Amino acid sequence: MAMSLLDRLAGRAPVPVFACIGPGMQAVTEHALLSPRLRRAASPREAAVLLRAGAIPERAAAAFGRVHDQLPHPRAVLRWDGQGDPADVITDAWVDLLNGADSDTDRRSDEPPNPWEGKGDHGQGGEGMMGGVPYGRPMAMTGDDIRDGLQLDAYTATVGPFAPMLPPGLTLEITLQGDVIISTSVTAPPFPQGDEASAPHLCAARLLRLLGLNAAAARVARGSSPRALWTRGAIPAGLGEAAKGEDVRARLSAWLAGQAGPYQAPRIGSMLPGLEWHEAMLVLNSYAPDALHRACAEEEEAA
């Protein structure tokens, strides 16, 4: 089938890619996604190509299947072992999709994770006014707000292991009241990534992406702009203070200046409660991946 003019123009655009990153692959994947021919998708729903970077551990296989099926059709899935530049293969797959290539088929059965139809007083999945999973969604139940004790709806969800705002592999069970975290526990620790993923410039780039400064993040990751300047200018002082004088900005500034670090990460169960969601994600990513891995291991041993 011949490509239309619109298809040819689309084929020249950056390919929207979502990456599922395995152990030891974070640094090389982040470098690969700096290619101007690729666009890092914030969600599987906006990607056309799923990049499977490295081997996915068995404990994350089901989560990989869920992410895979969230990509809309037509889609392609590519495995990459970290050798060479994957941009060529990804771009070829994108052009093939635009030219009518078969879309990668679903991996999971088309069944709701929370069966609800036919249950409850009206078949809506609930039990009267409380309980159940109305229309397939677990109902939020009231609990004391940790700020003022008022009764507010609290919602518990599992996040990870391929959520782009978390280190690869890290899976958390988080309870939220609004956008405030009231409790969290580690379901699975981050995948071990090695020293390169803990490099200060990559940590700074991840934080800048979370702040929506994608162009600045790319320049910092490539080393083509003053890293400390971007960090000081983008991150508010006092954000994510773990000890006196130690906040998100201080941790990264010390790394970038080569003075100290990585800091010892506190246990996640005590680090995140009380923080709003956006602040919690910045705090998590201000610690090196290996420091977070150690903190999660200590939390598991204590449990």
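Trainee: What volume does the largest cavity have?

Mentor: The largest cavity has a volume of about 40 Å³. A cavity is a set of points on a 1 Å grid over the protein atoms alone where a 1.4 Å probe fits but cannot get out. The volume is the space filled by probe spheres set on the points, with grid points joined across faces, edges and corners. Please note that this is a predicted model, in which local features need pLDDT of at least 70, side-chain atom pairs count only at pLDDT 80 or more, and totals for chains, interfaces and linings use all residues. Residues are numbered from 1 along each chain as its sequence is written, and side-chain values use heavy atoms, with hydrogens and water left out.

Trainee: Which residues line the largest cavity?

Mentor: Its lining consists of Q26, P167, R206, L284, N285, Y287, P289 and L292, where a lining residue has an atom within 4 Å of a point. Helix 10 and helix 11 are the elements that give two or more residues to this lining. Helices (H or I, at least four residues) and strands (E, at least two) are DSSP runs, numbered from the N terminus.

Trainee: How many residues of helix 10 are buried?

Mentor: Seven of the nine residues in helix 10 (residues 277–285) are buried, namely E279, A280, M281, L282, V283, L284 and N285. Buried means under 20% relative accessible area, exposed over 50% and partly exposed in between, with a 1.4 Å probe and protein chains only.

Trainee: In what order do the four strands of the open sheet run?

Mentor: The order is 7-8-9-10, with antiparallel pairing; two strands pair if DSSP finds at least two bridges between them. Strand 7 (141–144) and strand 10 (180–188) are the edge strands, each with a single partner, so one side of each has no neighbour in the sheet. From one strand to the next, the twist averages 35 degrees.

Trainee: Which strands does helix 10 touch?

Mentor: Helix 10 packs on the sheet and touches strand 8 (151–159), strand 9 and strand 10. Its direction makes about 150 degrees with that of strand 9. Axes are lines fitted to C-alpha atoms, for helices over the stretch in contact, and angles run from 0 to 180 degrees between N-to-C directions.

Trainee: Over how many bridges do strand 9 and strand 10 pair?

Mentor: Strand 9 (residues 171–177) pairs with strand 10 over seven bridges, in the antiparallel sense. T171 stands opposite A188 in strand 10.

Trainee: Changing topic, is E299 buried or exposed?

Mentor: E299 is buried, at a relative accessible area of 16%. This residue lies in helix 11 (residues 289–302).

Trainee: What is E299 in contact with, beyond its neighbours within four places in sequence?

Mentor: E299 is in contact with V186, R267, I268 and G269, contact meaning heavy atoms within 4.5 Å. The C-alpha atoms of E299 and S185 are separated by 8.9 Å, although the two residues are 114 residues apart along the chain.

Trainee: And what is the volume of the largest pocket?

Mentor: The volume is about 1200 Å³. A pocket is an open set of points with protein on both sides within 12 Å along at least five of seven lines. The largest pocket is lined by 33 residues, and R66, Q70, R108, P113 and R137 lie nearest its centre. Helix 3 (61–70), strand 8 and strand 9 each supply at least two residues of that lining.
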